[in-house]
Amino acid sequence: MDKQERVTTPKVVLGVSGGIAAYKACELLRRLTESGHDVRVVPTAASLHFVGEATWSALSGNPATTEVWESVHEVPHVRIGQEADLVVVAPATADMLAKAAHGIADDLLTNTLLTARCPVVFAPAMHTEMWENPATRENVATLRRRGALVIEPAVGRLTGVDTGKGRFPDPVEIFELCRRVLARGPRALTADLAGRHVVVTAGGTREPLDPVRYLGNRSSGRQGYALAATAAARGARVTLVAGNTELPDPAGVDVVRVGTAVQLREAALAAAEDADAVVMAAAVADFRPAAYATGKIKKKDGQEPEPVTLVRNPDILAELSADRPKPGQIVVGFAAETDDVLANGRAKLARKGCDLLVVNEVGEHKTFGSAENEAVILATDGSETPVPHGPKEALADMVWDLVAGRFAGAPDGS
Ligand code: CTP
C-alpha cells in the first residue's frame with residue numbers, strides 16, 4: 001500500500017460480539033471492503049460459535065484476532081483502536097454494551113473500545129426483554145452520553161418464534177449509517193442530536209376513491225428518508241412517519257407507516273408529543289375525495305363518469321406549528337414551488353407558522369424521485385440559507401445544522 005492510499009483508505013474496526021446476528025455482519029463487512037475501507041474484524045470468543053475466524057479473515061483480507069495475546073509485539077490491544085477512523089460493533093450484545101459502559105477490557109475488542117479516539121457505533125441485537133431491561137437501558141444511556149452512537153434495534157422477528165424490538169437492522173442500512181458517520185469525520189465524535197427525539201414525515205399520501213384507486217402524488221420519500229437517516233447518524237432518536245414509498249427502513253429509525261393524510265396527521269401528532277423537532281417533508285395531499293366507494297366504481301355504458309368531489313385535508317404543518325406540545329419544539333416545513341419560489345416561500349413560512357421552511361423548485365424533471373436536491377432554507381429571523389445542488393443528504397445535514405443551532409442553549413430532551 002503506498003502512502004497516498006494510506007492517507008485516503010479509511011480504517012474501520014468491525015467488532016463482532018456473540019449473537020446469532022453475527023452472520024449478518026458478513027454482509028456489512030462485504031459492503032465496507034467493497035467500498036474501499038480497510039476493515040479489521042475483531043470478534044469476541046463467543047461470537048466465533050456463530051461465525052468462524054476463517055470467514056472474517058477471508059472477507060476482510062486481514063487477520064481476525066480475538067485475544068490480546070496474539071502478535072503481542074505489535075501491541076494490538078492499543079494500536080487497533082488508536083489507528084481506527086471508525087469502530088462499529090455489530091452485533092452488540094447486552095453483555096458487550098455492559099462491558100463497554102463499564103470500561104471492562106478483557107479481550108481484544110473491549111481493549112480496542114477503550115483506546116479508540118474515533119466515532120464508535122454500536123448496532124445492538126438481542127431479545128426485547130434484554131433490550132428493555134433497566135441495566136441495558138442505563139448502559140445504553142451511559143454510552144450515548146459519552147458520545148457513542150448506539151442505534152435503535154429494529155422491530156421484527158427475533159431468534160426463535162419471538163417478535164419485538166431487538167432485531168439487527170438491515171446490514172445495508174448499517175453500512176449506510178457508517179458511511180454517513182465517516183463522512184462527518186471528527187464532527188461525528190459529538191453526536192450533536194444525542195438525547196433529542198425528532199420526528200420526520202416522508203413520502204406521499206394516498207387518498208382512496210374506492211378499494212383499488214387513490215389520488216396520489218409523485219413524491220419518492222427520499223428527502224424525508226435522508227433526513228431520518230442523517231438524524232440517526234447524529235445520535236437522535238428518530239420517528240419516521242412514512243407515507244407511500246418503496247425505500248427500506250433506515251437503520252436505527254422507528255418507522256410508522258401510514259396511508260392517508262388523516263392517518264399521517266394522527267401519527268405525526270402522537271409522535272410530536274415529546275419531540276424536540278418535527279420536520280414535515282411528506283407530500284401531504286391537500287384534498288381527498290369527499291366520498292369513499294366501498295365497492296369498485298364501475299363504468300356504465302352510455303353514461304359519463306360521476307365527477308369526483310374533493311374536500312380539504314387538515315393542514316398538519318400549520319397545526320403542529322400553532323400548537324406545540326413540548327416547549328421549544330422546532331417545526332420545519334417544506335415547500336415545493338414552481339414559480340416565484342422565494343416570494344411564495346416567505347409567504348408560506350408566515351402562513352404555516354413554522355420556524356424553518358425548506359423551499360425547493362419543482363418541475364417535470366426536478367426533485368421528485370431524484371437523489372439530488374437544491375433549496376433555500378428560510379427562517380423566521382429573516383435569514384436565507386442557500387443549499388447548492390447536491391445529494392439530498394447534504395440538504396438534510398444542513399437542516400439539522402440549523403435545527404441543532406436552535407437547540408443550543410435550550411434544555412435537552414433526554
Ligand atoms: N403540509 C401539511 N398538510 C397538508 C399539506 C401540506 O402538513 N395538508 C405540509 C407539507 O408536509 C410541507 C408543507 O406543508 O411541509 C408545504 O406544503 P405545500 O403543499 O407546498 O403547501 P400548501 O400550503 O399546500 O400551499 P400551496 O398548495 O398553495 O402550494
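Entry 1. I note the terms first: buried means under 20% relative accessible area, exposed means over 50%, and partly exposed lies in between (1.4 Å probe, protein chains only). The model is predicted, so local features need pLDDT of at least 70 and side-chain atom pairs count only at pLDDT 80 or more, while totals for chains, interfaces and linings use all residues. Residues are numbered from 1 along each chain as its sequence is written, and side-chain values use heavy atoms, with hydrogens and water left out.

Entry 2. I looked up salt bridges, where a side-chain nitrogen of Lys or Arg is within 4 Å of a carboxyl oxygen of Asp or Glu. The structure holds 27 of these salt bridges.

Entry 3. I looked at Arg-144, which is partly exposed at a relative accessible area of 25%. Its side chain forms a salt bridge with Glu-152 (2.8 Å, N to O). Glu-152 is buried, at 9%.

Entry 4. I turned to Glu-27 and Arg-30, whose side chains meet in a salt bridge (3.3 Å, N to O). Both sit in helix H2 (residues 22-34), three residues apart, so about one helical turn separates them. Helices are DSSP runs of H or I with at least four residues, and strands are runs of E with at least two, numbered from the N terminus.

Entry 5. I checked Asp-355, which forms a salt bridge with Arg-324, the closest N and O atoms being 2.6 Å apart. Asp-355 lies in the loop between helix H13 (341-352) and strand S17 (356-361), and Arg-324 in the loop between helix H12 (316-322) and strand S16 (330-337), so the pair ties together parts 31 residues apart in sequence.
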